[in-house]
Amino acid sequence: MILNDLRGKAVLIDGGVDDFGRAIGLSFAREGAAVWLVHREGAIEREAIEQQFAAAGAAAPRLLRLDPAAPSSMATLVDTLRAAHDARPLPELPHETDAA
């Protein structure tokens with residue numbers, strides 16, 4: 001049963017393949033959101049994650065391997081999300097190094 005209709009919304013979870021992040025992603029997926037689980041390094045249990053979402057009646061999450069602390073990774077992530085969800089361009093935000 002969908003309580004909060006999140007269809008058409010995307011959710012990005014850093015650390016999403018860990019138990020806690022995966023549980024959060026699963027909660028959003030049950031409500032209809034497109035879930036993106038970000039992980040940094042190492043092997044992941046892709047099949048187990050997909051089976052867990054399927055068992056809950058949720059769409060499989062998209063799994064992304066990148067380092068959110070790296071500016072180039074974040075640019076790639078934003079472009080990927082925009083393309084996947086036909087989103088309008090995001091406004092430029094100041095970087096921490098731009099602050100005086």
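Start by selecting strand 1, residues 10-14: Val11 and Ile13 make up its covered face, while Ala10, Leu12 and Asp14 make up the uncovered one. Strands here are DSSP runs of E of at least two residues, helices are runs of H or I of at least four, and both are numbered from the N terminus. As a rule, side chains in a regular strand alternate between the two faces of the sheet.

Before you go on, note that this is a predicted model, where local features need pLDDT of at least 70 and side-chain atom pairs count only at pLDDT 80 or more, while totals for chains, interfaces and linings use all residues. Residues are numbered from 1 along each chain as its sequence is written, and side-chain values use heavy atoms, leaving out hydrogens and water.

**Zoom out**

Show the whole protein chain as a cartoon. You'll find 3 helices and 3 strands, and following the sequence gives the pattern β-α-β-α-β-α. Of the 100 residues, 25% count as buried; that means under 20% relative accessible area, with exposed being over 50% and partly exposed in between (1.4 Å probe, protein chains only). Of the contacts in the chain with a separation of 6 or more, 60% are between residues 24 or more positions apart. A contact means heavy atoms within 4.5 Å.

The 3 of them form an open sheet in the order 1-2-3, with parallel pairing. Strand 1 and strand 3 (62-65) are at the edges with a single partner strand each, so one side of each has no neighbour in the sheet. On average, neighbouring strands are turned by 20° against each other, direction ignored. That angle is taken between axes, which are lines fitted to C-alpha atoms (for helices, over the stretch in contact); angles run from 0 to 180 degrees between N-to-C directions.

Select strands 1 and 2 together. They pair in the parallel sense over 5 bridges; two strands count as paired if DSSP finds at least two bridges between them. Which residue of strand 2 is the bridge partner of Ala10? Look for Ala34. Step along and you'll see Leu12 opposite Trp36, then Asp14 opposite Val38.

**Inside strand 2**

Stay on strand 2. Here 5 of the 6 residues are buried, so the strand is largely enclosed by the rest of the structure. Click on Val35, which is found in this strand. Is Val35 buried or exposed? It is buried, with a relative accessible area of 5%. Leaving aside residues up to four places away in sequence, Val35 touches Val11, Ile13, Gly25, Phe28, Ala29, Pro61 and Arg62. For a distance check, pick the C-alpha atoms of Val35 and Gly16: they are 9.4 Å apart in space, and the residues are 19 apart in sequence.

**Helix 1**

Next, select residues 19-30, which make up helix 1. Its buried residues are Gly21, Arg22, Gly25, Leu26 and Ala29. Those residues cover an arc of only 140° around the axis, which puts them on the same side of helix 1; the arc is that of the directions from the helix axis to the C-beta atoms. In general, an α-helix has 3.6 residues a turn, so residues three or four places apart point the same way. The buried residues of helix 1 pack against strand 1, strand 2 and helix 2.

The expected span is 1.5 Å times one less than the number of residues. Just after helix 1, pick out Gly32, with a positive phi of about 100°.

**Helix 3**

Jump to residues 71-85 for helix 3, where 15 residues should span 21 Å, in agreement with end C-alpha atoms 21 Å apart. Asp86 follows, and its phi is positive, near 50°.

**Last stop: the salt bridges**

Show side chains and look for the 2 salt bridges of the structure. Each is a side-chain nitrogen of Lys or Arg within 4 Å of a carboxyl oxygen of Asp or Glu. One joins Arg7 and Asp5 at 2.6 Å, N to O; Arg7 is exposed at 56% relative accessible area, and Asp5 is partly exposed at 45%.

The other joins Arg40 and Asp14 at 3.5 Å, N to O. Arg40 lies in the loop between strand 2 (34-39) and helix 2 (46-55) and Asp14 in strand 1, so this pair ties together parts that are 26 residues apart in sequence. Arg40 is partly exposed at 44% relative accessibility, and Asp14 is partly exposed at 44%.
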